[in-house]
Amino acid sequence: MCVNICSSSCHSILRLNFLNGTIPEALGTLSSLNILDLYSNSLSGHIPVELGELSVLQFLNLDDNNLDGELPEELGNLVTLQHLYLTANKFTGRIPETFDKLIHLETFAVGGNYLSGQMPSYIGNWVNLTKLILIGNNFEGTLPAETFSLPKLQRLLVSDVSNPGISFPKREVIPESLIYFDLSFNNLSGGVPESFQKLNKLFLTSNELTKLPSWITKKPKPSSYPKADLSYNNFNVKCTNEKCSGLASVNILPTRSFIDNMKTEKCYRKHNSLFINCGGEELNVGKDHYHNDTSTSSFNLSPSDDWAYSFSGDYLWATVNASTFVRNSTCKDCTPETKIDNDFRLAPISLMYYGLCLHKGKYIVTLHFSETLYSKGEDHSITGKRVFDVYIQGRLVKKDLNIKEIPELQNEVRKLKFPAKINEGSLEIKLLWAGKGSLYNPPGINGPLIEAISVTRAFYVSEVSRKLHRWEIALITIGCLLFLMLLLAFSLRMGWIGGRKLRSGH
């Protein structure tokens, strides 16, 4: 990576250039540099502390690289900085206290890293802030109350905060400027504030909310409330998905109780296997019949009632349509196997599959993956990172999965196999995008992606060769003795035993 010396105000825009190696320390000598843009390359190593000497820097973008280590305290010296983008890297540690001097910040984006500790209280003093992106880290505590009153704040994204976690602002009033609000996966409880009706987009999926605001329960015209995803909360919605079409339009369903009821519905027939062609038409691969999975709704129960899926979330600032969620690539002379490889389903945040009406027992869940979107050199998406978590039966079985890093045989789709135990007839598979990986490279394709699911019975040697109970041994012994006695009696009667002596004595 070369460094050009600037004698006056200058820009260094090197985004999307397939750069690798480390960031040169010599950049800190460019005293007139006011824009440094290294977005979406393959840079690694730490941020040089020398960048803290760029006294007139206004724009710093290091998004979507492979940078690691702690954020240098020296970046707090960039008092003229207005935009700081550090998302989709591998930064660790706390946000430095020296950042309290960055009072001119309009954008602070550090999502998709491994930052931890308390979210700094001085964030509430950044009165010029318009975008605050903290998703996909390991923060704890809560945001300072002043954050919700920042006069220019437009976009607020915070997720996966622990001990005790995020809470709603006590004041009902939120800034008129706020249009995008995402506090998903934060253990929020209580009700959704009435003032949130003013937002353009609202995402509160996977919390512990119990009360809906009146602007939803009164069923006003759809244009009068924001695009919202409130799924996987504890709302008491007593209706089917079809009867709640008005509620489903803001993605309240599925609630946890809705899923529980679906899982416990009476099955007319139970199965020992399940095969789903995610995003594709039904087809047969050998003796395995893969179900059609081409619906574009946020929740769909299969016509056979033996499996379902649901997805939640939104693609940040990208404009998408239904074709975003289901993709089908064409190929000539496709075999069933290659057809599966060319179909896939994509989701913004959470993608859930439910296997219903399965027999009790042990199974092997095989998930079929192939990175078909972050793979093009011409649009630089080849440098993008898709990272999500995999849960089977509510248990985290794969953390921060990157499809590109799954070991594969040459010319074969990447497959991951997991054991699963089914006691109550249902299986739950969850793919969860927790804010890591690329956010917008290009926009609208981040989040979990899957090509097919196969669920088959697992027969372990330990099940066959287990130690027999005493009563089982006794029954087997008695059965064998009875069989031998009957065989002996039959042989005597037929003259097969002792017949020669009898005839010679006659």
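Is aspartate 389 buried or exposed? Aspartate 389 counts as buried, because its relative accessibility is 2%. Here are some notes on this and other features; please keep in mind that this is a predicted model.

1. **The aspartate 389 pair.** Aspartate 389 makes a salt bridge with lysine 399, and 3.3 Å separates the closest N and O atoms. Lysine 399 counts as partly exposed because its relative accessibility is 47%, while the aspartate 389 end is buried at 2%.

2. Across the whole structure, the search finds 7 salt bridges. One of them joins the side chains of aspartate 64 and lysine 385, at 3.2 Å from N to O. Aspartate 64 sits in the loop between strand S5 (59–61) and strand S6 (66–70), and lysine 385 in the loop between strand S27 (361–369) and strand S28 (387–392), so this pair ties together parts that are 321 residues apart in sequence. Aspartate 64 is buried, with a relative accessible area of 2%. Lysine 385 also counts as buried, because its relative accessibility of 15% falls under the 20% cut-off.

3. **The arginine 15 pair.** Arginine 15 and aspartate 37 meet through their side chains in a salt bridge of 2.7 Å, N to O. This pair links distant parts of the chain, 22 residues apart: arginine 15 is in the loop between strand S1 (10–13) and strand S2 (20–21), and aspartate 37 is in strand S3 (residues 33–37). Arginine 15 counts as partly exposed because its relative accessibility is 33%. Aspartate 37, with 6%, counts as buried.

4. **The largest cavity.** If you like looking inside, the search of the whole structure finds 2 cavities of 30 Å³ or more. The largest cavity has a volume of about 100 Å³. Its lining is made of 14 residues, and those nearest the centre of this cavity are Ile135, Ser159, Asp182, Ile349 and Trp433. By class, 9 lining residues of the largest cavity are nonpolar, 3 are polar and 2 are charged.

5. **The second largest cavity.** Here the space is about 30 Å³. Which residues line the second largest cavity? Among them are Leu274, Trp307, Tyr353, Gly355, Ile429 and Val455. Strand S19 (273–278), strand S23 (307–312), strand S26 (350–355), strand S31 (427–432) and strand S33 (452–457) each supply at least two residues of this lining. The largest share, 3 residues, comes from S26. The lining of the second largest cavity has 10 nonpolar residues, 1 polar residue and no charged residues.

6. **The second largest pocket.** This pocket has a volume of about 410 Å³. It is lined by 18 residues, with Phe185, Ser206, Tyr232, Arg256 and Lys430 the closest to its centre. Helix H3 (256–263), S26 and S31 each contribute at least two residues to the lining of this pocket. Its lining has 7 nonpolar, 5 polar and 6 charged residues.

7. **Two backbone angles to look at.** Most residues other than glycine have a negative phi. Serine 206, one of the residues closest to the centre of the second largest pocket, has a positive phi of about 55° although it is not a glycine. Serine 206 is found in the loop between strand S16 (201–203) and strand S17 (208–211), and it is buried, with a relative accessible area of 15%. Asparagine 187 has a phi near 60°, again a positive value in a residue other than glycine. Asparagine 187 lies in the loop between strand S14 (180–182) and strand S15 (189–191). Asparagine 187 counts as exposed, because its relative accessibility is 52%.

8. **A nonpolar patch on the surface.** Finally, have a look at the outside. Leu481, Phe483, Leu484 and Leu487 form a nonpolar patch on the surface, and together they have about 420 Å² of accessible area. One of them, leucine 484, lies in helix H6 (residues 470–493). Why does leucine 484 count as exposed? Leucine 484 does so because its relative accessibility is 52%, and the cut-off for exposed is over 50%.

Terms used:
Residues numbered from 1 in each chain as written. Predicted model: local features only at pLDDT ≥ 70, side-chain atom pairs only at ≥ 80, totals over all residues. Heavy atoms only, no water. Patch = residues over 30% accessible without salt bridge, like charges linked within 9 Å, V, L, I, M, F, W, Y side chains within 5 Å. Areas by Shrake-Rupley, 256 points an atom, 1.4 Å probe, with all protein chains shown as cover. Salt bridge = Lys/Arg side-chain N within 4 Å of Asp/Glu carboxyl O. Helix = DSSP H or I, 4+ residues; strand = E, 2+ residues; numbered from the N terminus. Buried < 20%, exposed > 50% of the residue type's maximum accessible area, 1.4 Å probe, protein only. 1 Å grid on protein atoms, 1.4 Å probe; cavity = no way out; pocket = protein on both sides within 12 Å on 5 of 7 lines; lining within 4 Å. Points joined across faces, edges and corners; volume = space filled by probe spheres on them. Nonpolar A, V, L, I, M, F, W, Y, C, P; charged D, E, K, R; others polar.
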